[in-house]
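Have a look at the structure first, then see whether you read it the way I do.

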Amino acid sequence: MNRQVWMHRAAALASVVLVGVALTAVTSIGGDLIAVDRARADTPASAASASAPAALRWQPLKPAVRRNGASAKVAVGEYLNGRLGELGLNIISVETPTVRPLGDGLHLAEVRVEARGDAATSAAAANWVAVNREAVRLKSLAVGVGPDGSGTCTLVLLMVIA
Amino acid sequence: MPLDDLALDLTPAPTPVPALEVMTRVLRLPTRAPRQARAIVRLQLDRLSPLPANDTLFDLVALRQDAGETVYALGILRRAALTDPTFASQRTVTAARSVEGEEVVFRFRNAGAVDDREARWLKHAPRLALVCLGLAAVALAGQLRADQWRERRLPEIAAEKRLAAQQARLAEQQASARGDWMSLERADAATRYLCVAGLVGSALPGGLAVTSAAADPHSVTLTTGSGGNLAALVAAGAAPPTGGDPSGAGSVVFPREVCA
C-alpha cells in the first residue's frame, strides 16, 4: 500500500512537471507567433503610396532610343551623335547622370551634351527638340564662347528610352 | 516519510456500510435558491425535527416547482450516526431515500471525518499523469512545428521586405521621373528659346550679335556684345538690364511671362 501511495505521488509530481513542460512549450509557440507578427508588421508601406501624383495626367510615351542591350549612355550617345551631328553640332561629350524608370518598360534618361556649335546650331537643336518633344525635352541650354574662341553649346535633355 | 502514509488507503473500504436512519419530510418554500432555502430550514429546524437542532444534520433536495413555490425533500440525520468508524474517512455521507415516489440522494457533511482529500486526489494521479503526458507531447510537437515555421518564415518576410522596399524605391524614382517630365509639359527650354528667338528676330530684323545665351523652362538670358540694342530687346519683352553698359553690351532676361 505504501509503495502504491508513493507511486501515485510520483505520478502527481510528474503531472505537475508535464504541465510545466506543456506551458513552456505553449509560451514558446506564442513567442514564435509574436516574433513572426512583429517581423511582418515592420514591413514598409506598399509601393502604391509612392506613385505619381494623381493630379498629373500621364500619357503613354514613345521612346526616342531603344537600347537593345547596350548601356543607356552608349545608345543615347550614338543616337545624339547622329541626330545633332546632322544639325551641325559637333559633340564633345555625352553624359547620362540618371536613368529612372517611367513604367511600361520605359526609362527617363537625363542627358548632358557638350558640343561645339554657335547660336544658330543651338537654335536648330532646340527646334529639333521641339519637333520631337514626345520623346525628348530640353531642360536647359547654354551657348557661349569656349576658351579656344569657338562656340560651345551645353544641352541638358530628358530623353525617353526603352 | 510522514507517519500517516499508512493511513492512506486508495482502495474502497470492504467493510459494509451501516444503514443510516434518515427522517424525511416534504417542504414547500417560496424560494428556488438552495442557499436561501437552507437558511429558512436552519431557522425552523426545531419545529421541523423532533430532535434538538444541535444534534442533527440536514440536507435539502429540490423536487419540483409548484404554483410559485418549490417543493423540497428535507432529510434529517442524527449527528451521532456519523460517529461510526465506517464514516471516519468520508467527508460527505450520502443516503438515498424515496420521497413521494422519487429517488432522492441526501448528502450530509461529516465534520468529524479525517481529511482524505489527498487520498481522493491521488486516486486520479496516474490518469492525470497520462493526460498531462499527452498534453505535453502535443505542446512539444506544436512547439517544434512553430520553431520550424518561424525559421522558415522569418527569411521569407525579410525577402518580402526587401522586395517591398525595392518596389517603393522604384515607384519613388518613377514618380520623380514622371514629375520631371510633366514639369516640362507646357514649356521646356527649347520652346522658350525658340519663342524668344522669334521675338528678337521680329524686334531686330537685322539680327543680334549674341556672345552667350542660356535658356531654361522659366527664362532666357541673352548676353550681347558691344553694339547690342538693349532698348530693342527691352521693347521685345526683356527685363531692363541692371547696370547697363553705355556701349549697349550686357545681359537681358526674358522672364516666363514673355512667352507664357
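**Notes, starting from one tyrosine**

1. Start with Tyr193(B): apart from neighbours within four places in sequence, Tyr193(B) contacts Ala126(A), Leu141(A), Ala215(B) and Val220(B). By contact I mean C-beta atoms, placed from the backbone, that lie within 7 Å of each other. Tyr193(B) is also listed with Val76(A) and Met159(A) as having the most contacts inside the largest nonpolar core, which has 49 residues. A core here is a set of buried Ala, Val, Leu, Ile, Met, Phe, Trp, Tyr and Cys residues joined through C-beta atoms within 7 Å. Buried takes 20 or more other C-beta atoms within 10 Å of the residue's own, exposed 12 or fewer, and partly exposed is in between, again with C-beta atoms placed from the backbone.

2. A word on the ground rules. This is a predicted model, where local features need pLDDT of at least 70 and side-chain atom pairs count only at pLDDT 80 or more, while totals for chains, interfaces and linings use all residues. Residues are numbered from 1 along each chain as its sequence is written, with chains lettered from A and ligands numbered from 1 in the order in which they are written.

3. How many residues does each chain bring to the contact? Chain B brings 59 residues and chain A brings 53 residues. On the chain B side, the elements giving two or more residues are helix H4 (125-183), helix H5 (189-203) and strand E6 (210-215). H4(B) gives the most, with 38 residues. Helices (H or I, at least four residues) and strands (E, at least two) are DSSP runs, numbered from the N terminus. Sorted by class, this side of chain B has 37 nonpolar, ten polar and twelve charged residues; Ala, Val, Leu, Ile, Met, Phe, Trp, Tyr, Cys and Pro count as nonpolar, Asp, Glu, Lys and Arg as charged, and the others, Gly among them, as polar.

4. E3(A), residues 136-145, pairs with E6(B) in the antiparallel sense over three bridges; pairing needs at least two DSSP bridges between the strands. Leu141(A) has Ala215(B) as its bridge partner in E6(B), and Leu155(A) as its bridge partner in E4(A).

5. On to chain A, with three helices and four strands in the order α-α-β-β-α-β-β from the N terminus. E4(A), residues 151-161, has eight of its eleven residues buried. E4(A) runs antiparallel to E3(A), with nine bridges, and to E2(A), residues 106-116, with ten. The E3(A)-E4(A) hairpin has five residues between its strands, and Gly149(A) in the turn has a positive phi of about 90 degrees.

6. Chain B has an open antiparallel sheet of three strands in the order E1-E3-E2. E1 (22-29) and E2 (56-66) are the edge strands, each pairing on one side only. Helix H1(B), residues 34-43, packs on this sheet, touching E1, E2 and E3 of chain B, and its direction makes about 125 degrees with that of E2(B). Such angles run from 0 to 180 degrees between N-to-C directions, with axes as lines fitted to C-alpha atoms, for helices over the stretch in contact. E2(B) and E3(B), residues 69-78, are joined by ten bridges, with Thr56(B) opposite Arg78(B).

Technical notes. Contact = placed C-beta atoms within 7 Å.
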